[in-house]
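Let's walk through this model together, one question at a time.

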Amino acid sequence: MSTKETSIDLHCPSQNMGEKMDSFYTEAAKSFKELYQLEFAPSNDQKSSAIFANKYKIRGILIAQADKAKTLLATGNLDAALLWGFFTAKLANNFIETEEPRVEARNRLLEVVKFFETRVNLETREDLLKFSGLLQYVYNSLAVATEVDAKDGEQSALFWLEKAKSVYEKFKLVIDDSERPECWESLTMLTTLLEQDCLVKEVYENKSEKQKAAEFCLETLRRQLQFSPVVDNLLSAYGVANQKEIRVNKRDSVAVSPSDWVVSSIQRFDPKDWANNTAALSEYYVETEEFGKALECLMTARTVVCESFQNGDSSGLGHNLNGTKLWADISWLTSEYSLGLLEGGSKVVLGSRFTIDPELVDTSPSYGSLFNQDTTKALQEAYGEPIQDTGLTTMISELSIMPKAYPAAARLFRWTCRSLSEALLYYRLDERCTEAIKLIRAHASAYGYLATFEADLPRKCCMQKRRVDLLEDLLAQLNPRFYMLSCRTIMSECAEALTALRDLNEEKMKRTTIRASPTSSLSSTNIVAELSKLAKKVNGLGLRALEMYKRLLDSFLTPANQREPDLYEEEWLPHVLMAHFYSARLHSKTIIAGAPRNRVGELHLAMKAYEKMVEIADKHARSGYKVDMPEVEIAREMTQLLAGQIARTPLDA
């Protein structure tokens, strides 16, 4: 039945004020039912035209009801004021959802704020119960309706988010857990508002605002998790969809009491969205090096989504979710977290070889302080050992600090590989190539970082070889015509891995030479044969690295005339310079048997590579590029040193 069929005349003298209020309540109850049916009506229209049509129908109902409620504000009736505020706030959000200019939404929301802030005293328990939910909803809506760069005289989005947070915290402080505000919608914020909170950190650039945005996002996620059981029970008991037809006769009982009409507009807790947003929040904590909080976000996300979608008899957390985008995204973020710890630890280990060994301090906060959920199973799977064998505190500690030694690094490495494998079940190379490339490159990087902690030289060689194999196999499957940028990155990483593998084999040669001492029991023939074999392998790996660097440099040549560009893109300039630098180094370290003059050819090639690097760097510096690389000055010195070395080498020796 349309609203027109039961419209009331609010100015009719024959109707007293009590009758007007009763008639409005009855009509409002029917409007809530219509709004619910329109908002959640199923649609098979892929173009969403039916959904937008429903939104404009919703707008018509909201305008009519907001206007009627506004005429009753003079009565001083608090229920009428609450309904007017709710209808107006919903109308403002309707303008936002249809992507129209937000000034209309903002003006309506500000009208509600001005009305209630001058008439409502949230210091009193009665007003706090009646209006805190509505005001919180309006403040959050204003944050969405506010542009990122607020104009002079306007408040910023973060200002309104602070106001919403202040109301909520005041409510929690004054009201006990058995009572809830009458506008329930604010407790289970719309998905658009949740996304707004979680993505504010990407919109605002300075660090202090990122921190505030993360706090708002965390608070929203906490509230959703806290109130999800309450909301489910509320909708089951009072939701319009579960009630009988609302009676028109005002003498009959109304299915839902006036203070609960807004229940029908609540959206149920969506564990998929919640888990995605919680896992994404971990990125902020990784950025601020709060690894304990990041770990809790990831473990809680995995736990919540598995409890919601997985059968109780499944083996392994996420078993039923493997191959889904949701699980792949969470696993990807998990791999980035563990790989970041592994990378950080490897940098510390490498740095400690040239400085005093730093004492790593565990600054991770108390685990469980964010969401207070039982994540034991998720932690156990991440750690890779039964909890009976290892204490929960030990698990959390080792999974939230940078590794100091090989055992902890190996554990993080295995966790990273498992997470990457889970992500690759959805992001397959033949279906979602761009994402798969990043995941496989991350897998290769994990081997490189792990090798830093390994003391056994043959095992280090095996790790670097596995890294090379992953990158070469990936490169062979890509068409440079369509994935040139990715191919260049892979070429650079593969050449670096080949160089590292070459250096490890050269270290093997040095150790073999030391073993060939006069007191050694090994025969000189065997030692020479082994050295010859290793030298051949070292030169072969060096040649492969040189060829990879050449492929990288050739990828920048102009297709028409095969000439190098006058200027490189700023993003790729460091890669080009370092390709020349490492090529020069590889040429100078090539193992040449016989007289010193036999090395002159390789020394000339090395000098030419250094000169080319200096030439490109100086050319770009003159053109305004910022070339701040210490390797350029090293190359400048090396050209002079190599020139002198070549001049001093007797060609007839």
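Q: Does Arg-222 count as buried, partly exposed or exposed, and what is the relative accessibility?
A: This is a predicted model, in which local features need pLDDT of at least 70 and side-chain atom pairs count only at pLDDT 80 or more, while totals for chains, interfaces and linings use all residues. Residues are numbered from 1 along each chain as its sequence is written, and side-chain values use heavy atoms, with hydrogens and water left out. Buried means under 20% relative accessible area, exposed over 50% and partly exposed in between (1.4 Å probe, protein chains only). Arg-222 therefore counts as partly exposed, at 30%.

Q: Which residue forms a salt bridge with Arg-222?
A: Side chains of opposite charge can pair when their charged atoms come close. A salt bridge here is a side-chain nitrogen of Lys or Arg within 4 Å of a carboxyl oxygen of Asp or Glu. The closest N and O atoms of this pair are 3.7 Å apart, and the partner is Glu-219.

Q: Why are Arg-222 and Glu-219 separated by about one helical turn?
A: Both belong to helix H8, residues 207–238. Helices are DSSP runs (H or I, at least four residues; strands are E, at least two), numbered from the N terminus. Glu-219 is buried, with a relative accessible area of 11%.

Q: How many residues apart are Arg-467 and Glu-496?
A: Arg-467 forms a salt bridge with Glu-496, with 3.6 Å between the closest N and O atoms. The pair links distant parts of the chain, with Arg-467 in helix H16 (residues 457–476) and Glu-496 in helix H17 (residues 484–515). Arg-467 is buried at 11% relative accessible area, whereas Glu-496 is partly exposed at 45%.

Q: Which helices hold Asp-618 and Arg-636?
A: These side chains meet in a salt bridge of 3.1 Å, N to O. Asp-618 is partly exposed at 24%, and Arg-636 is partly exposed at 28%. The pair ties together parts that are 18 residues apart in sequence, namely helix H20 (residues 600–622) and helix H21 (residues 630–648).

Q: How many salt bridges does a search of the whole structure find?
A: Some share partners, joining Arg-502, Asp-503, Glu-506, Arg-585 and Lys-589 into one network. The search of the whole structure gives 29.

Q: Is H16 parallel or oblique to helix H18?
A: H16 and H18 (residues 524–554) pack at about 40°, with axes 14 Å apart; axes are lines fitted to C-alpha atoms, for helices over the stretch in contact, and angles run from 0 to 180 degrees between N-to-C directions. Angles under 35 degrees count as roughly parallel, over 145 as roughly antiparallel, 65 to 115 as roughly perpendicular and the rest as oblique. H16 is therefore oblique to H18.

Q: What distance should helix H6 span?
A: H6 has 18 residues (157–174), and its end C-alpha atoms are 26 Å apart. The expected span is 1.5 Å times one less than the number of residues. The two agree, because at 1.5 Å a residue H6 should span 26 Å.

Q: What percentage of the protein chain's residues count as buried?
A: The chain has 21 helices and zero strands. In H6, the buried residues include Trp-160, Tyr-168 and Phe-171. Of the chain's 653 residues, the buried share is 47%.
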